[in-house]
Amino acid sequence: MQIIIVGCGNVGTTLTEELSKEGHNITVIDVDGKTAEAMVNQYDVMGIVGNGASFAVQNEAGIEDADLMIAVTTSDELNLLCCLIAKKAGGCNTIARVRNPIYNKEISYIKEELGLSMIINPEFAAASEISRLLKFPSAIKVDTFAKGRVELLKCKLGEGSVLHGRPLTYISNGLGCDVLICTVERGDEVFIPDGSFELREKDVISVVSSSRNANEFFRKIGMANNRIKSCMIIGGGETTYYLAKQLLPMGIEIKIIEQDKERCNELSELLPQALIIHGDGTDRNLIYEEGLPRVHSFVSWTSRDEENIMLSLFVKKISKAKTITKVHRTSYDEIIDSLDLGSILYPKNITAEYILQYVRAMQNSIGSNVETLYRLIENKVEALEFRVNEQSELVGVPLKELRLKDNLLIACINRKGIIITPGGQDSILLGDTVVVVTTNQGFSDLKDILR
């Protein structure tokens with residue numbers, strides 16, 4: 001596809017990197033000449049210096065032939081104007097990043113009136129991601145397939161785990177759990193395991209399952225998955241507001257610690273059911289006095305990575321709380337991921353992932369049948385969801401008879417809302433969606449899984 005990206009900040013850069021990898025023709029627009037030049041040199045894309053809301057600039061970028069315009073500058077109004085002009089000039093699909101909470105209440109109206117394909121609010125998206133993680137306290141990361149019916153959960157086996165030294169067949173035969181382990185991380189090694197693969201304590205595993213079956217699995221292996229009843233949040237920004245709005249109706253007790261007194265007053269009015277505390281969330285004595293050792297979950301969401309990391313490390317020492325840590329910079333991700341921080345969220349990656357999912361759905365409608373794609377374990381593994389729209393040599397054939405490529409696993413079949421953990425006797429039928437996990441790269445069709 002021909003894609004124009006306006007704004008080369010964190011999100012724009014991430015999108016450019018991922019979409020160029022997937023074979024799309026990208027043109028970037030930025031007002032800063034050095035930034036645009038750096039993008040051209042690093043990602044082999046076209047670059048144009050100028051205001052993305054200018055018709056002349058969009059024309060130079062090839063708006064008439066573009067399939068999609070993505071506007072992710074720091075200005076909501078500029079993003080909306082870029083998309084409006086692109087819609088009028090080229091008739092292409094448009095995506096705008098819009099952060100202001102005032103607009104969040106009017107997103108449906110704005111989207112309809114301006115003819116936008118998608119509006120993404122980064123803070124709301126991050127809050128939704130945190131909310132999903134709190135649904136599964138044992139999970140480090142949660143992704144979803146089949147419109148939320150299937151979870152891809154990442155967790156770490158503790159010392160003395162009941163799965164230590166057990167083959168994967170023990171999960172179904174011994175524990176009676178209907179889940180599938182699709183990847184195992186052991187040190188620097190990554191495995192796509194078969195049934196005879198033996199697990200070890202401290203392995204990081206990715207589990208594909210329905211929500212109900214995942215909860216049963218965690219319970220049977222002794223990983224606490226009790227319902228979260230309380231949450232302490234450090235930092236009272238917009239993400240915290242959206243998160244509290246999602247958690248309060250679930251009966252979760254919310255405690256927010258914020259340094260800015262004026263913001264505390266705002267939050268007190270906006271969230272009367274939450275407890276808002278004016279103070280320094282990095283003050284160990286304060287958070288201890290406010291009941292830190294007893295909280296079920298702790299979210300470090302200040303504007304400083306260093307504070308968030310130190311807070312989560314401290315909480316891990318004195319509490320059993322589920323910890324969620326916000327990190328902006330990805331340049332030290334290998335070091336950060338090696339720390340015991342619980343779940344680590346990179347806001348720019350969350351926003352980019354939502355947009356990428358839309359782009360892949362668009363691609364699906366013009367050739368590829370990939371519905372969802374996640375890159376896992378530092379891009380070493382891909383988890384893809386395919387929709388089976390047409391007859392092929394795969395349809396109706398028992399899986400054990402298919403000649404599948406190495407390092408590949410068919411993790412799940414969604415058949416009209418019924419989730420199947422596939423065995424050798426199962427087969428793929430028309431209308432199914434199929435989740436495939438593999439270390440191979442570049443699949444665009446389900447047939448690519450065959451040798």
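**Charged side chains, on the surface and below it**

Reply: In this predicted model, a patch of negative charge on the surface is formed where Asp188, Glu189, Glu334, Asp337 and Glu378 gather. One of these residues, glutamate 334, has its place in helix 14, which runs over residues 333-338. Because its relative accessible area is 57%, and a value over 50% is what exposed means here, glutamate 334 counts as exposed.

A salt bridge requires a side-chain nitrogen of Lys or Arg within 4 Å of a carboxyl oxygen of Asp or Glu. What the side chain of lysine 326 does reach is the backbone oxygen of threonine 302, at 3.5 Å.

Strand 16 also holds lysine 322. Lysine 322 is buried too, with a relative accessible area of 9%, and a polar atom of its side chain lies 3.4 Å from the backbone oxygen of proline 137. For both of these lysines, then, a backbone oxygen can be named as a neighbour of the side chain: that of threonine 302 for lysine 326, and that of proline 137 for lysine 322.

The next topic is the charges that do pair. Side chains of opposite charge can pair when their charged atoms come close. The structure holds 18 salt bridges, and among them is the one in which the side chains of lysine 154 and glutamate 185 meet, with 3.2 Å from N to O. This pair links distant parts of the chain, since lysine 154 lies in strand 8 (residues 150-156) and glutamate 185 in strand 9 (residues 180-186), 31 residues apart.

Lysine 202 is partly exposed, with a relative accessible area of 47%, and glutamate 159 is exposed, with 64%.

The side chains of aspartate 432 and arginine 415 meet in a salt bridge as well, at 2.8 Å from N to O. Aspartate 432 is placed in the loop between strand 21 (418-420) and strand 22 (433-438), and arginine 415 in strand 20 (residues 408-415), so that the pair links distant parts of the chain, 17 residues apart. Aspartate 432 is buried, with a relative accessible area of 1%, whereas arginine 415 is partly exposed at 24% relative accessibility. Besides these pairs there is also a network of salt bridges, in which Glu17, Glu18 and Lys21 are linked.

Aspartate 44 has its place in the loop between helix 2 and strand 3, and its phi is near 55 degrees, a positive value in a residue other than glycine. Aspartate 44 is exposed, with a relative accessible area of 73%. Valine 45 lies in that loop, between helix 2 (33-43) and strand 3 (46-49), but valine 45 is buried, with a relative accessible area of 9%. Lysine 416 likewise has a positive phi, of about 55 degrees, although it is not a glycine. The place of lysine 416 is in the loop between strand 20 and strand 21, and with a relative accessible area of 82% this lysine is exposed.

Conventions
Residues are numbered from 1 along each chain as its sequence is written. This is a predicted model: local features need pLDDT of at least 70, side-chain atom pairs count only at pLDDT 80 or more; totals for chains, interfaces and linings use all residues. Side-chain values use heavy atoms; hydrogens and water are left out. Patches are made of residues with over 30% relative accessible area and no salt bridge: like charges are joined within 9 Å, nonpolar side chains (Val, Leu, Ile, Met, Phe, Trp, Tyr) within 5 Å. Accessible areas come from the Shrake-Rupley method with a 1.4 Å probe; for residues, only the protein chains shown count as cover. Lys and Arg count as positive and Asp and Glu as negative; His and the chain ends are not counted. The place of a charge is taken as NZ of Lys, CZ of Arg, CG of Asp or CD of Glu. Helices (H or I, at least four residues) and strands (E, at least two) are DSSP runs, numbered from the N terminus. Buried means under 20% relative accessible area, exposed over 50%, partly exposed in between (1.4 Å probe, protein chains only). A polar contact is a pair of N or O atoms within 3.5 Å; within protein, one must be able to donate a hydrogen and the other to accept it, and residues adjacent in sequence count only if both atoms are side-chain atoms.
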